[in-house]
Amino acid sequence: MRLRSRGVAARVAAFILAVTLGSAALGPSPASAHTPSGSWGSFHTICWGCSVDSGNIVRAWQIILWVDKATSATCFSFADGGFGSNTDRATEVWQGRMDLGVDGSVGYNTWTKAYSRLVRTPALDNAEFYAYDYRYNGRFVTFLKRKSDGAWYFYPDPPYCTNTTGFTPMNH
């Protein structure tokens, strides 16, 4: 556990350095990036067939589903950024477990419930970001919220769920 915390701290530090230096790898957030303040309830509704059914916001949701074991798929195969039938079924499983209306659509109530399960990790905070973990039964994903504009970034549990080296903007 202590080793994992140091790994997260190193990733946060590397990310902050990349942002500070204007890393070309991350680049600026696209104009369509959604930057909520205070919760995830204002995120776009995502679902199979919705106007927003792909992108990093879907990938972040899929990783939450994987962390909460709403799917038996591996994170690598499941978190592809496309909201299809497998994500629809896993969303329904998750909504049922969370005592929400089961419709397979990730809207206000579902985003709000997911946000309520974040755990602040102030030891990883700095001047630019607030840090949060979403954990369940040994799996986790780390989220950073940029203080200046509320933009969210995520980094899933290595080595099980990522082939990236830094935080990913949570947008579409």
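**Rings, a sheet and a helix**

User: Which residue has Lys147 lying over the face of its ring?

Analyst: In this predicted model, Lys147 lies over the face of Tyr130, at 4.7 Å from the ring centre; a charge sits over a ring if NZ of Lys or CZ of Arg is within 6 Å of the ring centre and within 35 degrees of the ring normal. Arg139 likewise lies over the face of Trp66, at 4.2 Å from the ring centre.

User: What should I know about the model and the numbering?

Analyst: Residues are numbered from 1 along each chain as its sequence is written. Because the model is predicted, local features need pLDDT of at least 70 and side-chain atom pairs count only at pLDDT 80 or more, while totals for chains, interfaces and linings use all residues, and side-chain values use heavy atoms, leaving out hydrogens and water.

User: How many helices and strands are there?

Analyst: The protein has five helices and five strands, taken as DSSP runs numbered from the N terminus, with at least four residues of H or I for a helix and at least two of E for a strand. From the N terminus on, the elements run α-α-α-α-α-β-β-β-β-β.

User: In what order do the strands sit in the sheet?

Analyst: They form an open sheet in the order β1-β2-β3-β4-β5, with antiparallel pairing; two strands pair if DSSP finds at least two bridges between them. β1 (119-120) and β5 (168-169) stand at the edges with a single partner strand each, so one side of each has no neighbour in the sheet. β5 pairs with β4 (residues 152-156) over two bridges, and Pro169 in β5 is the bridge partner of Tyr153.

User: Which helix packs on the sheet?

Analyst: Helix α2 (residues 56-67) does, touching β2 (129-136), β3 (139-146), β4 and β5, where a contact means heavy atoms within 4.5 Å. The direction of α2 makes about 145° with that of β3; the axes are lines fitted to C-alpha atoms, for helices over the stretch in contact, and angles run from 0 to 180 degrees between N-to-C directions.

User: What does the side chain of Asn56 reach?

Analyst: Asn56, which lies in helix α2, reaches the backbone oxygen of Pro169 at 3.0 Å with its side chain. A polar contact of 3.0 Å also joins the side chains of Asn56 and Arg59; such a contact is a pair of N or O atoms within 3.5 Å, within protein one able to donate a hydrogen and the other to accept it, and residues adjacent in sequence count only if both atoms are side-chain atoms.

User: Is Asn56 buried or exposed?

Analyst: Asn56 is buried, at 17% relative accessible area; buried means under 20%, exposed over 50% and partly exposed in between, with a 1.4 Å probe and protein chains only.

User: Changing topic, how many aromatic pairs are there?

Analyst: There are 14 aromatic pairs, counted for rings of Phe, Tyr and Trp (its six-membered ring) with centres within 6.5 Å, where planes under 30 degrees apart are stacked, over 60 edge-to-face and the rest tilted. Trp40 and Trp152 have ring centres 5.3 Å apart and planes at 80°, so they are edge-to-face. This pair links distant parts of the chain, with Trp40 in the loop between α1 (2-20) and α2 and Trp152 in strand β4, 112 residues apart.

User: What about the rings of Phe143 and Trp152?

Analyst: Their centres are 6.3 Å apart and their planes at 80°, so that pair is edge-to-face. Phe143 is buried at 0% relative accessibility, and Trp152 is buried at 2%.
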